[in-house]
Number of protein chains: 4
Amino acid sequence: MRETLNTIIFGTKTPAGKFFDLALIWAIVISVVLILLATIDAISEEYRRGLYMAEWVFTILFTIEYALRIYSARDRKQYIFSFYGVVDLLSILPLYISLIFPQASYLLVIRLLRVLRIFRVLKLLRYMKDANLLLRSLWHSRRKIMVFFGTVLIMCVIIGSVMYAVEGPENGFTSIPKSIYWTIVTITTVGYGDITPQTNFGQGLAAATMLLGYSIIAVPTGIITSQMASELRRDTMLLNCLACGRGNHETEARFCLKCGAELPNDLAEPEDDVS
Amino acid sequence: MRETLNTIIFGTKTPAGKFFDLALIWAIVISVVLILLATIDAISEEYRRGLYMAEWVFTILFTIEYALRIYSARDRKQYIFSFYGVVDLLSILPLYISLIFPQASYLLVIRLLRVLRIFRVLKLLRYMKDANLLLRSLWHSRRKIMVFFGTVLIMCVIIGSVMYAVEGPENGFTSIPKSIYWTIVTITTVGYGDITPQTNFGQGLAAATMLLGYSIIAVPTGIITSQMASELRRDTMLLNCLACGRGNHETEARFCLKCGAELPNDLAEPEDDVS
Amino acid sequence: MRETLNTIIFGTKTPAGKFFDLALIWAIVISVVLILLATIDAISEEYRRGLYMAEWVFTILFTIEYALRIYSARDRKQYIFSFYGVVDLLSILPLYISLIFPQASYLLVIRLLRVLRIFRVLKLLRYMKDANLLLRSLWHSRRKIMVFFGTVLIMCVIIGSVMYAVEGPENGFTSIPKSIYWTIVTITTVGYGDITPQTNFGQGLAAATMLLGYSIIAVPTGIITSQMASELRRDTMLLNCLACGRGNHETEARFCLKCGAELPNDLAEPEDDVS
Amino acid sequence: MRETLNTIIFGTKTPAGKFFDLALIWAIVISVVLILLATIDAISEEYRRGLYMAEWVFTILFTIEYALRIYSARDRKQYIFSFYGVVDLLSILPLYISLIFPQASYLLVIRLLRVLRIFRVLKLLRYMKDANLLLRSLWHSRRKIMVFFGTVLIMCVIIGSVMYAVEGPENGFTSIPKSIYWTIVTITTVGYGDITPQTNFGQGLAAATMLLGYSIIAVPTGIITSQMASELRRDTMLLNCLACGRGNHETEARFCLKCGAELPNDLAEPEDDVS
């Protein structure tokens, strides 16, 4: 019986397994929509009580599912500490915690992360391939991005402190942490306008900060773009024709543009990979 | 007679067909400008009535034109369900609907989309080629962009819910949907400032959200840029000289930089494509 | 005498010509700073009168210079209708116009464009080369950029009209042109917050507009980046070693990385180009 | 003794040297956090006095350290005028200056720049390599970026002056410098909303400025991205297999993808470089 449960809950190949996963995704989406609705003022008190009940019903169902997942997993420890295992736990915990801290119940929306399973369920192979290319580009750029953000944060602390010295609490810069908040709002070009410099020197410094933020946004873009271009080139290079050597085919090409021979494109034969 | 009408209305080669299309584009632009003017307060009541009349005149003319298009189309079904067929219908419907729902009349501006016909009318071949390159880049990146936006939306829902739990209705975050709206305003670096975090923890979370938005904007840019660079490279590669093999010519080059032989540039012989 | 004047005013090779140009640039910068200062409230009435007098002195000097330029130009017609000829005229006209329309005097700052002559005066060859690369990239991308902006403007008109229908004058969207202004403020992620949607549907539509603006900014970036990468690659390709064929040298390289032979880098021999 | 001090203070190879540097970095981070805390209103007067004392203790310690660095440096002049030498001095000066100008004490946060030593201390070779690639890209693009910013600043002055003439002091544009501040706020898409155009013509001009800012942000991005892609390509090109010639390996690859021979990757043999 444990094996059957495993096939249904974890598997996506059998009709039962596919049905279970799709039902689960729908349940997650509906439960999240209900959480969102429950916070809207315009909805009457009575409806809200119903929504609160529904939240409990969904969470208890998900708790049972979580228990069954642990019971039927082939390697229990591995499941519990995997990405999805942790997300599955975080998707039910907040409601139990909200019995003590009521605010916590809104964290239930974290269960939306479970919807990412949809790629595996619907066998969206190409989407997964593209998502992998994005993740791989980010992963290969991680050190450059960390160096960049470390530098930006140090700059924000220094600029924030100077602005605090220049503008002071009387112009809304009530503390250095708040000044740093203002600097981040400015350097990222968000610009709420809840705190704005009032002195001439402060406005000049703010203008310099904006131009800095405006130009350094080019750096992460440059990092990721050049990495992505390099990944894409490597992908395309694999699409050389084995017969005539013609390269640079489109990612989705199945046949050589020049001689018509079949290309070694892993997207071209999805049967092997799926069944 | 139906064939003559077809040549005039759908064709752009004959003088009559070209004149018809240009007159139509002018009529569309003028009618849209009149719609915009009609909403300005400073314009007196009397003028407005005139503008409202003009709207009806234009819409009736466009209705007649639409009827003639259906009548004279070679394949009526194909025309009605084509992009331009649908836009042509949407360009006249709102005024008739506005007899019941007055607000709908402003949707008449959708007829501005009909102006896109100008590329075909004026034979702006190169513009169409460039527009195609943009569309092709977007189309080839569609899955990457959808994966990216799916992820951003899930992040917005989760961050919005956390901000609602942290700030609460007393600081302007009156419901989770409104918090999600704030998150999108922040993550896209728009930053209206109509809702801003007031608590220290909320401001710290907001700063993290901004830095996140500031850096992930690099992802769609990277996707489209690397795709566009790849499309452009493919275009340029086709501009290899057939005589000496020299590649990497400018997109508009007609002759080889090295040996002077004519290049296989489709822009170089517009006669074949147009007449 | 006309020839001597020409050497001094237009030439940059002789000491007198170089001195004249540098003095001119300083005079322009000082006169613009004075114009800016004259508008600051904190400056007393008396000083302002002095600044106003200085403006006249500078403008009369520039008028004399303009007259001398016309007098000494080798091809007068060509000078008057060249970029610098038009800017030179626009740099003095506003003050004379301001005798009738006082507001016009602020347009004198247009004379700042004359400072661009500095590149030629100081023989900033590499800066000019880089400026040319930027301009060439923009020029080659002009059609793609125009197609993009045409599409964005049509979208702004349509979104603005829909927002006017949804929000209406009672929420600050007083007319369709004002709604289009709001749409541009939103789609470019500026986000002043002087007009913000109040209804739930309007906020949802605004969020969609922001995400649209957030993602389509990738398009002009992609256009210019891929064009610039292509220009840069063409530049680098010219830096192939003539002796051993090793390519991909840095733009500023003078000798081959592999065999040490001199590279055909036009920056490496500035003497030929300048004297 | 001077040599021993040098090994401890400047060296990072011996256990004592490593311990000293790590202790220093912690002391810097803690002292900066204390400076930030001291400006928060919610912290009681009594605590603040303690924080102020701590500031003095840290600064005296850093002063002693600075004296010891000068004493033990092999080339004193070189140290004093090096980047770190200047930062070390700027990290202690503000507190002494604050005895006369109290505001100056906030500039102590500049000591955060000393934390950059962490890369050298922890031998974060790859991070340094990536930081170098970023700096090299910025350095090679410096002239293009300066040309770009010069042009943007000239545009900002001209647009600011026109907006001052159009909107005038009654709409918040109280002087041309303030109008230029507004222009920079708008062109960088920050958009505080503290100053907004009120007239129709001013709003039209503002919309044009936004679209301009929205599109020219593509230029620095294009500059840095194409430069970075070129640097990255040069890095990858060095990763050609010496045995079979296969190129385009990942930056972190140690062995050839095709024949398995070891690659000439300087990251692959960190021992040589570090010990």
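Two residues are in contact here when heavy atoms lie within 4.5 Å. By that rule, the contact between chain A and chain D takes 50 residues from chain A and 50 residues from chain D. This is a predicted model, in which local features need pLDDT of at least 70 and side-chain atom pairs count only at pLDDT 80 or more, while totals for chains, interfaces and linings use all residues. Residues are numbered from 1 along each chain as its sequence is written, and side-chain values use heavy atoms, without hydrogens and water.

Chain A and chain D bury about 4500 Å² between them, 70% of it on carbon and sulfur atoms; buried area is the accessible area (1.4 Å probe) that two parts lose on being put together, summed over both. On the side of chain A that touches chain D, the elements giving two or more residues are α9 (142–167), α10 (176–187), α11 (200–216) and α12 (218–237) of chain A. These helices are DSSP runs (H or I, at least four residues), numbered from the N terminus. By class, that side of chain A has 26 nonpolar, 19 polar and 5 charged residues, where Ala, Val, Leu, Ile, Met, Phe, Trp, Tyr, Cys and Pro count as nonpolar, Asp, Glu, Lys and Arg as charged, and the others, Gly among them, as polar.

How are the two copies placed? A rotation of 90 degrees with 0.0 Å of shift along its axis superposes chain A on chain D (RMSD 0.0 Å), by least squares on the C-alpha atoms of residues with pLDDT of at least 70 in both. The two copies are therefore related as by a four-fold rotation axis. They use different surfaces, as 16% of the contact residues of chain A recur in chain D.

Methods. Chains lettered and ligands numbered in written order.
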